[in-house]
Structures are given as C-alpha cells and as structure tokens.
Amino acid sequence: MGKVEEVKKKEKLLAMIIRNDYIGDGVDFITPGEYSQQVAYMHHPTGKAIAAHVHNMVHRNVVLTQEVLVIKKGTLRVDFYDEYEDYLESRNLYTGDIILLVSGGHGFQVIEEVEMIEIKQGPYAGDIDKKRFEGVQDDQVVYRKI
C-alpha cells in the first residue's frame, strides 16, 4: 500500500498528495468523511461487478472550495501558503500524481509542459470565488524533505 503525502502548517492540513505509485486493494477513501471533496482509490480484479446505482438528492452546505488536480502529463510545482498568504513550501507533481487542495492558499509553476484535470465543487462563482495575491519568487522556493 502506498503512502499519501500530507502538506501541513503545524497540525492544519493544506493538501494531500497521492503519488502515481500508490496502490491498495478494494475501495480506500483517502479523505475523511467530513471533507466537502471526497477522494477514493479503487482497485478491483477483473470481473468485479459494481452495482448499478443512482445518487439521491442530498442538500449539502459547502463553505470552502476544495479542489483535486490530476496530472495527466508533465511536471507542476505547487507552492503552498497558509490562510494569511504566507509562503510555506513547494512540492513537485509528476505524471499520474493527484493532489487534493484542502485549505490555505496555493500557486503553480509549470516546470515541464502540463496536461491536468481539475475537479472542484461548482458552480464556479467567478471573481468572488477566490482572492489572488503575490506569490513566491522562483529564487525563494523551498522544497521540504518528506
């Protein structure tokens, strides 16, 4: 079974990185049940049947956008910030990696041409959905050892 990397400021979780080599059996919910964005790893043998189903209408109250990025190709640097816009550290994501951005702020720098998928709650609220700020300069980037 693979390891999920966590990016934290003290005890506050900012992101979860699921590397491309993560493996497990069956259904493994990586995120806690209370998160507004759920991520699960699934591994089933050939022939496994997953019952047909529909999802019931359930009203949810989402107050903080959590987003998932799936790196299809390339290398992406993710710069992490706390909720006060203070820079903390950076990590690189590679082909096949997945990240759940849980809290705090983030910025990105494309290191090698990237194709990625973004998944988040909608509908997108435009300019009121996010606050932009000045990010870290390339010469100030810090990579922490895991």
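Analyst: Happy to! Accessible areas here come from the Shrake-Rupley method with a 1.4 Å probe. On that basis, the accessible surface of the protein chain is about 10,100 Å², with 52% belonging to carbon and sulfur atoms. Keep in mind that this is a predicted model.

User: Why is M42 called partly exposed?
Analyst: Buried means under 20% relative accessible area and exposed means over 50%, with partly exposed in between. M42 has 48% relative accessibility, so it counts as partly exposed. As for its place in the chain, M42 is found in strand β4, which covers residues 40–43.

User: What makes the nonpolar surface patch, and what is its area?
Analyst: V27, F29 and M42 make it, and the area is about 310 Å². A patch residue needs over 30% relative accessible area, and M42 has 48%.

User: How many helices and strands does the protein chain have?
Analyst: There are zero helices and eight strands. Read from the N terminus, the order is β-β-β-β-β-β-β-β.

User: How do you know what share of contacts in the protein chain joins residues at least 24 apart?
Analyst: A contact means heavy atoms within 4.5 Å. Taking contacts between residues at least 6 apart in sequence, 62% join residues at least 24 apart.

User: What percentage of the 146 residues counts as buried?
Analyst: With the cut-off at under 20% relative accessible area, 34% of the 146 residues count as buried.

User: And how far apart do the centres of the positive and negative side chains lie?
Analyst: The centres of the 18 positive and 24 negative side chains lie 2 Å apart.

Note on methods. Residues numbered from 1 in each chain as written. Predicted model: local features only at pLDDT ≥ 70, side-chain atom pairs only at ≥ 80, totals over all residues. Heavy atoms only, no water. Patch = residues over 30% accessible without salt bridge, like charges linked within 9 Å, V, L, I, M, F, W, Y side chains within 5 Å. Salt bridge = Lys/Arg side-chain N within 4 Å of Asp/Glu carboxyl O. Helix = DSSP H or I, 4+ residues; strand = E, 2+ residues; numbered from the N terminus. Buried < 20%, exposed > 50% of the residue type's maximum accessible area, 1.4 Å probe, protein only. Lys, Arg positive; Asp, Glu negative; His and termini not counted. Charge placed at Lys NZ, Arg CZ, Asp CG, Glu CD.
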